[in-house]
Amino acid sequence: MALTKVDSQLVNGAINTDSSGNVGINTTSQGSKLEIKAAGASGTQLQLTQYNSTDGWKINADDNGGPLRFIRQGSSLNGEAMRIDNSGNLILAGTSSPN
(Lines give C-alpha, C1' and ligand atoms only; values in the text may rest on other atoms or scores of the structure.)
Protein backbone atom coordinates (compact mmCIF):
# COMPACT_ATOMS: atom_id res chain seq x y z
CA MET A 1 0.00 0.00 0.00
CA ALA A 2 1.43 3.36 -0.94
CA LEU A 3 0.93 6.28 1.43
CA THR A 4 0.88 9.84 0.17
CA LYS A 5 1.99 12.68 2.44
CA VAL A 6 0.39 16.12 2.14
CA ASP A 7 1.42 18.86 4.62
CA SER A 8 2.84 16.36 7.18
CA GLN A 9 -0.34 14.27 7.14
CA LEU A 10 -1.24 11.23 5.12
CA VAL A 11 -4.18 11.65 2.81
CA ASN A 12 -6.52 9.42 4.82
CA GLY A 13 -5.62 11.19 8.10
CA ALA A 14 -5.21 7.99 10.14
CA ILE A 15 -1.39 8.18 10.21
CA ASN A 16 0.31 11.51 10.87
CA THR A 17 3.90 12.69 11.22
CA ASP A 18 5.26 15.84 12.78
CA SER A 19 8.41 17.88 12.13
CA SER A 20 10.32 15.84 14.76
CA GLY A 21 9.60 12.59 12.91
CA ASN A 22 7.08 11.40 15.50
CA VAL A 23 4.36 9.13 14.08
CA GLY A 24 0.79 9.12 15.31
CA ILE A 25 -1.93 6.63 14.47
CA ASN A 26 -5.42 8.07 15.07
CA THR A 27 -3.87 11.19 16.62
CA THR A 28 -2.44 14.47 15.35
CA SER A 29 -0.74 15.39 18.65
CA GLN A 30 1.73 12.53 19.12
CA GLY A 31 4.21 13.12 21.92
CA SER A 32 6.63 10.26 21.25
CA LYS A 33 8.28 8.44 18.34
CA LEU A 34 5.18 6.22 17.95
CA GLU A 35 1.81 6.88 19.55
CA ILE A 36 -1.27 4.77 18.86
CA LYS A 37 -4.71 5.85 20.03
CA ALA A 38 -7.74 3.58 19.89
CA ALA A 39 -10.36 4.58 17.36
CA GLY A 40 -13.17 3.31 19.59
CA ALA A 41 -13.93 2.27 23.14
CA SER A 42 -12.36 -1.19 22.89
CA GLY A 43 -8.82 -0.31 24.03
CA THR A 44 -5.61 0.06 22.08
CA GLN A 45 -4.18 -2.96 20.36
CA LEU A 46 -0.95 -3.57 18.50
CA GLN A 47 -0.82 -6.72 16.42
CA LEU A 48 2.41 -8.32 15.20
CA THR A 49 1.86 -11.12 12.69
CA GLN A 50 4.39 -13.31 10.89
CA TYR A 51 4.72 -12.78 7.17
CA ASN A 52 2.30 -14.91 5.15
CA SER A 53 0.73 -16.35 8.32
CA THR A 54 -1.87 -15.70 10.99
CA ASP A 55 0.58 -16.59 13.79
CA GLY A 56 1.70 -13.69 15.92
CA TRP A 57 1.17 -11.57 19.02
CA LYS A 58 -1.33 -8.97 20.17
CA ILE A 59 -0.45 -6.38 22.77
CA ASN A 60 -3.62 -4.96 24.27
CA ALA A 61 -4.01 -1.99 26.61
CA ASP A 62 -7.38 -1.69 28.32
CA ASP A 63 -9.02 1.71 27.95
CA ASN A 64 -10.01 1.89 31.65
CA GLY A 65 -6.54 1.69 33.19
CA GLY A 66 -6.65 -2.10 33.30
CA PRO A 67 -3.87 -4.55 32.48
CA LEU A 68 -1.43 -4.58 29.58
CA ARG A 69 -1.95 -8.01 28.02
CA PHE A 70 0.34 -10.02 25.72
CA ILE A 71 -1.75 -12.49 23.72
CA ARG A 72 -0.31 -15.27 21.52
CA GLN A 73 -2.36 -16.14 18.46
CA GLY A 74 -1.71 -18.83 15.98
CA SER A 75 -2.48 -22.27 14.68
CA SER A 76 -1.40 -24.13 17.83
CA LEU A 77 -0.79 -21.53 20.55
CA ASN A 78 -3.64 -19.20 21.43
CA GLY A 79 -4.39 -17.17 24.50
CA GLU A 80 -2.92 -14.78 26.98
CA ALA A 81 0.77 -15.40 27.70
CA MET A 82 1.24 -12.72 30.34
CA ARG A 83 -0.10 -9.47 31.67
CA ILE A 84 1.07 -6.51 33.67
CA ASP A 85 -1.73 -5.44 35.98
CA ASN A 86 -2.51 -1.85 36.96
CA SER A 87 -0.31 -2.25 40.08
CA GLY A 88 2.71 -3.15 37.93
CA ASN A 89 2.66 -6.86 38.81
CA LEU A 90 3.69 -9.36 36.12
CA ILE A 91 1.32 -12.34 35.86
CA LEU A 92 2.36 -15.25 33.65
CA ALA A 93 0.02 -17.69 31.90
CA GLY A 94 -1.05 -20.50 34.19
CA THR A 95 -0.90 -18.37 37.34
CA SER A 96 -3.74 -16.40 38.90
CA SER A 97 -1.69 -13.82 40.79
CA PRO A 98 1.88 -12.58 41.17
CA ASN A 99 4.17 -14.20 43.76
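A: Here is a short walk through the model, from the overall picture down to single residues. Please keep in mind that this is a predicted model.

Q: What about contacts, how much comes from residues 24 or more positions apart?
A: Among the contacts in the protein with a separation of 6 or more, residues 24 or more positions apart account for 2%.

Q: Back to the strands: in which sense do β8 and β9 pair?
A: Strand β8, which covers residues 68–73, pairs with strand β9, residues 79–84, in the antiparallel sense, and five bridges join the two.

Q: Then what does β9 do with β10?
A: β9 and β10 also pair in the antiparallel sense, here over three bridges, and the bridge partner of I84 in β10 is L90. The hairpin of β9 and β10 has five residues between the strands, and in this hairpin G88 takes a positive phi near 90°.

Q: What comes after β10, say at A93?
A: A93 sits in the segment after β10, the strand of residues 90–92. Leaving aside residues up to four places away in sequence, A93 touches E80, A81 and M82. A93 and M82 are 11 residues apart in sequence, while their C-alpha atoms are 5.3 Å apart in space.

Q: Why does A93 count as partly exposed?
A: A93 counts as partly exposed because its relative accessibility is 49%, and that class lies between under 20% for buried and over 50% for exposed.

Q: Changing topic, which residues make the nonpolar surface patch?
A: The nonpolar surface patch is made by L46, L48 and W57, and its area is about 270 Å². Of these, L46 lies in strand β6, which runs over residues 44–49.

Q: And why is L46 counted as partly exposed?
A: L46 has 34% relative accessibility, and therefore counts as partly exposed.

How values were computed: Residues numbered from 1 in each chain as written. Predicted model: local features only at pLDDT ≥ 70, side-chain atom pairs only at ≥ 80, totals over all residues. Heavy atoms only, no water. Contact = heavy atoms within 4.5 Å. Patch = residues over 30% accessible without salt bridge, like charges linked within 9 Å, V, L, I, M, F, W, Y side chains within 5 Å. Areas by Shrake-Rupley, 256 points an atom, 1.4 Å probe, with all protein chains shown as cover. Salt bridge = Lys/Arg side-chain N within 4 Å of Asp/Glu carboxyl O. Helix = DSSP H or I, 4+ residues; strand = E, 2+ residues; numbered from the N terminus. Buried < 20%, exposed > 50% of the residue type's maximum accessible area, 1.4 Å probe, protein only. Pairing = 2+ DSSP bridges.
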